[in-house]
Amino acid sequence: MSVQIEILFVLATYLVGSIPVGYLLVRYVTGQNIRELGSGNIGSTNVRRIAGRKIAAITQLLDMAKGLLPVGLYLYLTYDLNVTYYQNIVSDLSIYYVAFASILGHDFSIFLKFKGGKGVNTTLGASVLLAPYSVFISVAFYFITKWCFKYVSLASIVLAITMVFSEFVIYGITPTVYYLLVCMILIIVLHHKNIGRLLRNQELPSQRLP
């Protein structure tokens, strides 16, 4: 794949990631602007507050798909049958640009004046083909943390940290570790208000969500 095609692919992935699924679904179902309600976030947690569990689940799946489908398509188009699956991933840095473009699109959507969500679901979708073991381990830690402490935000931060740590333990220092490290930093930065509320004991527990 030529450099020009790769650049176009990354830009197209950003646009796909920018589709504000939560915003559109809540607007369609309730007629309301989710950015003016609850936390103002377009992610599935706030969608659940405004439109209920069913719409939140659909939002979650579609936000994951925004990351999974472009990465899957890129791998399909560039896959080398002469090397292993893992070698296909780490040998082509462009795949990380594609994955991260989908996340940036969700977090900083061009359709919402570069506002968006916090990228947890899109990060999972974009990363599951790049680091499947780490993603599944981190999801397990997410649910354990959520069950123990009842905070979605805390569980999301633990998920991001666990992805990096798991990948490092399994494979050592690789391009995937650096990619996941950047994802982790972005997730933590976008949760800075939640971290402040957690420290002040003002965060809304998950069991109080509708």
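Modeller: Lys66 pairs with Asp63 in a salt bridge, and their closest N and O atoms are 3.4 Å apart. The term salt bridge is used here for a side-chain nitrogen of Lys or Arg within 4 Å of a carboxyl oxygen of Asp or Glu. This is a predicted model, so local features need pLDDT of at least 70 and side-chain atom pairs count only at pLDDT 80 or more, while totals for chains, interfaces and linings use all residues. Residues are numbered from 1 along each chain as its sequence is written, and side-chain values use heavy atoms, with hydrogens and water left out.

Both partners sit in helix α4, residues 53-78. They are three residues apart, about one turn of the helix. Helices are DSSP runs of H or I with at least four residues, strands are E runs of at least two, and both are numbered from the N terminus. Lys66 counts as buried because its relative accessible area is 5%. Asp63 is buried too, at 1%. Buried means under 20% relative accessible area, exposed means over 50%, and partly exposed lies in between, with a 1.4 Å probe and protein chains only.

The structure holds two salt bridges. In the other pair, Glu203 meets Arg197 at 2.7 Å, N to O. Side chains of opposite charge can pair when their charged atoms come close. Glu203 lies in the segment after α11, a helix that covers 192-199. The accessibility values put Glu203 in the buried class, because it is at 10%. Arg197 is partly exposed, because it is at 26%.

Glu203 makes polar contacts as well. Its side chain joins that of Ser153 at 2.6 Å. A second polar contact, 2.8 Å, links the side chains of Glu203 and Asn194. A polar contact is a pair of N or O atoms within 3.5 Å; within protein, one must be able to donate a hydrogen and the other to accept it, and residues adjacent in sequence count only if both atoms are side-chain atoms. Leaving out residues up to four places away in sequence, Glu203 touches Tyr151, Ser153, Asn194, Arg197 and Leu198. Contact here means heavy atoms within 4.5 Å.

Now the pockets. The largest pocket holds about 910 Å³ of space. It is lined by 46 residues, and Ser44, Thr45, Asn121, Tyr142 and Val152 lie nearest its centre. A pocket is found on a 1 Å grid over the protein atoms alone: it is an open set of points where a 1.4 Å probe fits, with protein on both sides within 12 Å along at least five of seven lines, and lining residues have an atom within 4 Å of a point. Grid points are joined across faces, edges and corners, and the volume is the space filled by probe spheres set on the points.

Several helices supply at least two lining residues each, among them α7 (120-127), α8 (132-149), α9 (152-171) and α11. By class, the lining has 20 nonpolar, 18 polar and eight charged residues. Ala, Val, Leu, Ile, Met, Phe, Trp, Tyr, Cys and Pro count as nonpolar; Asp, Glu, Lys and Arg as charged; the others, Gly among them, as polar.

The second largest pocket holds about 450 Å³. Its lining has 19 residues, and nearest its centre lie Asn41, Gly116, Lys118, Leu190 and Lys193. Helix α11 gives the most to this lining, with four residues. Both α10 (175-190) and α11 supply at least two. The classes here are six nonpolar, seven polar and six charged residues.

Next, the backbone. Lys113 has a positive phi of about 55° although it is not a glycine. It sits in the loop between α6 (94-107) and α7. Lys113 is exposed, because it is at 72% relative accessibility. Asn201 also has a positive phi, near 60°, and is a residue other than glycine. Like Glu203, Asn201 is found in the segment after α11. At 62% relative accessibility, Asn201 counts as exposed.

Last, Ile137, in helix α8. It is partly exposed, with a relative accessible area of 32%. Ile137 and Ser166 are 29 residues apart in sequence, yet their C-alpha atoms are 7.3 Å apart in space. Setting aside residues up to four places away in sequence, Ile137 touches Thr162, Ser166 and Ile170.
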